[in-house]
Amino acid sequence: MSVGDIICEKIHFRHEAQWCGRLGPAEGGGMTLCVLCVLELVESADVASVRKSYALSGVSWVLKCSPGALKELLRQDQRISLRFIASLLGMLQSTEDTSTLEKVDQVLVQLLIELQSEPPFRFVFDEIHKQLSGPYNDKRLLSTFHFIGRLLEAVPNIANVLVTQYVPLLEDLCLTLLLPDEELKASVLYVWLQVFGTATAAVPAPIRDRVCVLLLQTLANANSTILITNCIGLLWLLVQVAAAVSVLMSSAAVGPLMCEESQSSPLPLILKKLLLSGDKMLQVSSAKCIASVLIHSPRQYSTPFIKADVPAFLFDRLASSKHEALLWSVYTCLKLLAEDPLFFSQCHSVYGIESLVRSLKEALRMTNLEVPKQGLLLLTDILEKQPPEMHLFPSRPGYVAVSEALEASVSSSCLLVATHAVKATSILLRKKHQSRPVQFMEITALIESITRRVSELSLVPHVYHQNSASLKKSNARSQASQSYGFLLQALMCFESTCRLAEECTSDPVLKENAFTAPSKAQQKEDSLESLCRCMLRCCDAVWIPAVIKTSQHGPNAQILQHFYTILSSQFFLLPSLMPAFAIKLASSGFLRLALEHKGLLCNGSRNPNLNASCCEFLLKLSMCLYKQLDYHQLGKHTS
C-alpha cells in the first residue's frame, strides 16, 4: 500500500478505473482511493487490524474533507455501497481491537450520513435484525448497539423509520434488556435514549409500555454508573409522556423479576434510593423525575410517593445541600406533594419545616433567584394548607428562624423574591401559626422590614389602564408593575398583622407574654402594645404617603380596600392615641378623600369590599372626631 494513498498494489490491478479517484480538498493535498481495494482489505481475514484501521482512517479523512466525493464513486453501483456497509457491520462483530472498532463505528456513521439515502439505512436495520435473530455473542453486540445509538443521534430522522417499520427489531432490543450484562444493557438503553428523544410519539404503545416495565426492572437492580445514568436519562424522557407515566406508576410495572410485596409500582422506592446516593447529579435527576411524574396528576400520583416516605428524604436533601439545581428540584417536588392532604396528616410538614427554613437562608445567597422564589412558594403553600391543630412553630426558636428567613427575603435585591416573602409573611401572621408565647418582637421586626422596603419603592405614575404596546414592553412598566404588586401584597400583610393584633387584644392568653425574661426593657419591646405602636408609626410615616402617592395617578380599588381597613384597625388597637391621629387625618383631607374614592369606585354595586372598608373608616374617623367635639363643648359648658 503506497504512503498517503488507499491503494493495495497487489490487488489493485484487478479493479476497474471507475472505482478509483483522487479525492480530497479542492485546494489540493488529496489522496488516491480505490473503493474496491478498501473493500477487499476490510473483508480479508489475513489483513492485520492495523492495516484495516489505516485504510479506514483514509476513508474517514475523505468523508470529512471532501464531502460528496466518495458518494459519487459509490453511486455507480448500489450493490458496492451495500457490500461496503455490510463489510463494516461485519467488522463490528468480528474485530477485537478497540481502536479499530472505534474507527469502524466512525466510518459507518460518516458513510451513512454521506449517502443520505433511505435504502442504506433500511439495509443496516435489516442486517442488525438478522444478527439479533440468530445466535450471537453478548459482548460482540456492544459495538453494534453503540453504533445504532450514534447513528440515531447523528441522523435523528431515521428514528421514525425504525419505530414505524422495524417493530421486530424494537422487540429484539427489548429482549436484550433481560440479559445480565450491565454494559450491554447500558448500550441498548443508549439506543432507546435516541429513539425516545426524537420519535416518542411514533413508538408503538405496546413497545413503549414494555420498555417502561423493563426500565424499572433494570434500574431497580443496576449497579454500574453508566447503566444507572442511561436508565435515569431514559426515565426522564418517559416521564414527560402521560401514558408512559401511567404505566410506570401502575402495578403492571411490577414484573416477574421484581419482588415487591405490596404489588405497587417500584418507581417511588427506586427514586428514593437515588435520592440517598452521594451523587448530586443522580439526586437532581431523581427529584426532577419525581416532579415530572407529579405534574401529570398530583392527586393521583402523590400518595405512593408519600407512603414511600419520599418527602422525608426530600427534606433531608434540603438540609444538607447547597446545590442550586437540587434545591430548586426538591422545592418543586415538595410543592406538588403538598397538594395531597396525606402530606400534612403524616406530619411531613412538621418534621421538614426546619430543613426548609434553613435551606431558604442558603438559597438567598445563590445567584439564581428562581431558587429562593420556588422555596418561598413552597413555604407559602405549607403555611396556607397546614391544619390548625398541627403547629409548625410550637416554640420560640422555630418561629424566630422562619421570621429571620422571611426578613432576609424581604430585603432581597430582587423585588419579586421580596413579594413572595411578603405573601408568605402574611400567612405566617395568622393566629394558627403563632408560637406560645406570641413573638411580638419578631413580628415587629418583620413589619419594620416590609415598611422599609415600601419606602424604597419607585411608585411611578399608574400604568394599569394604559394599553400602549410600547409601554407594556418597557422596563419602566415592568418595574412599576412589580412595585405596585409589592405594595398590594405588603398592604395585605399589614392587614393580616392588624387582624392578628386584634385577636391578641381579645385573647388574654395571647395578649400578655408571660414567659419573657423579667427585663422591663425587653418586656416593653416584646409586647402587643409595642407592635401596635410600631404599626401606627409605620402607617403615619410610610404607608399613608405611599398609598396617597399611588392614588394620585389613578386610585386602585384593591390597594384602597386594604388601606382603609388598616386605618380602621388603628382605632381599635390604640384608642388612646386616636384623637390626635384622627385630627391629623381630618386636617389632611381624609374625610373628603375617602368620600371621593367611594364615589369614584363604588357606584352602584361596584367594589363592595372597598365600599365596606370606606364606610367603616369614615364611621370610626367621624365618631372619634365627634367625641372630641363633644368633650370640647362639655368642657366649655362646665367652665
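Is Arg299 buried or exposed? Arg299 comes out at 56% relative accessibility, so it counts as exposed (that means over 50% relative accessible area, with buried under 20% and partly exposed in between, using a 1.4 Å probe and protein chains only).

Quick housekeeping. This is a predicted model, where local features need pLDDT of at least 70 and side-chain atom pairs count only at pLDDT 80 or more, while totals for chains, interfaces and linings use all residues. Residues are numbered from 1 along each chain as its sequence is written, and side-chain values use heavy atoms, leaving out hydrogens and water.

Okay, back to Arg299. You'll find Arg299 in helix H17, residues 298-307 (helices are DSSP runs of H or I, at least four residues, numbered from the N terminus). Setting aside neighbours within four places in sequence, Arg299 is in contact with Glu339, Asp340 and Pro341 (contact means heavy atoms within 4.5 Å). Glu339 sits 40 residues away along the chain, yet the two C-alpha atoms are separated by 6.9 Å. A polar atom of the Arg299 side chain lies 2.6 Å from the backbone oxygen of Glu339.

In H11, residues 182-198, 14 of the 17 residues are buried, so H11 is largely enclosed by the rest of the structure. Asp181 caps the N-terminal end of H11, with a side-chain oxygen 2.9 Å from the backbone nitrogen of Glu183.

Then there's H25, residues 440-455. Twelve of the 16 residues of H25 are buried, so that helix is largely enclosed too. Among the buried ones are Phe440, Ile443, Leu446, Ile447 and Arg453.

Conventions. Helices (H or I, at least four residues) and strands (E, at least two) are DSSP runs, numbered from the N terminus. The expected span of a helix is 1.5 Å times one less than its number of residues. A polar contact is a pair of N or O atoms within 3.5 Å; within protein, one must be able to donate a hydrogen and the other to accept it, and residues adjacent in sequence count only if both atoms are side-chain atoms.
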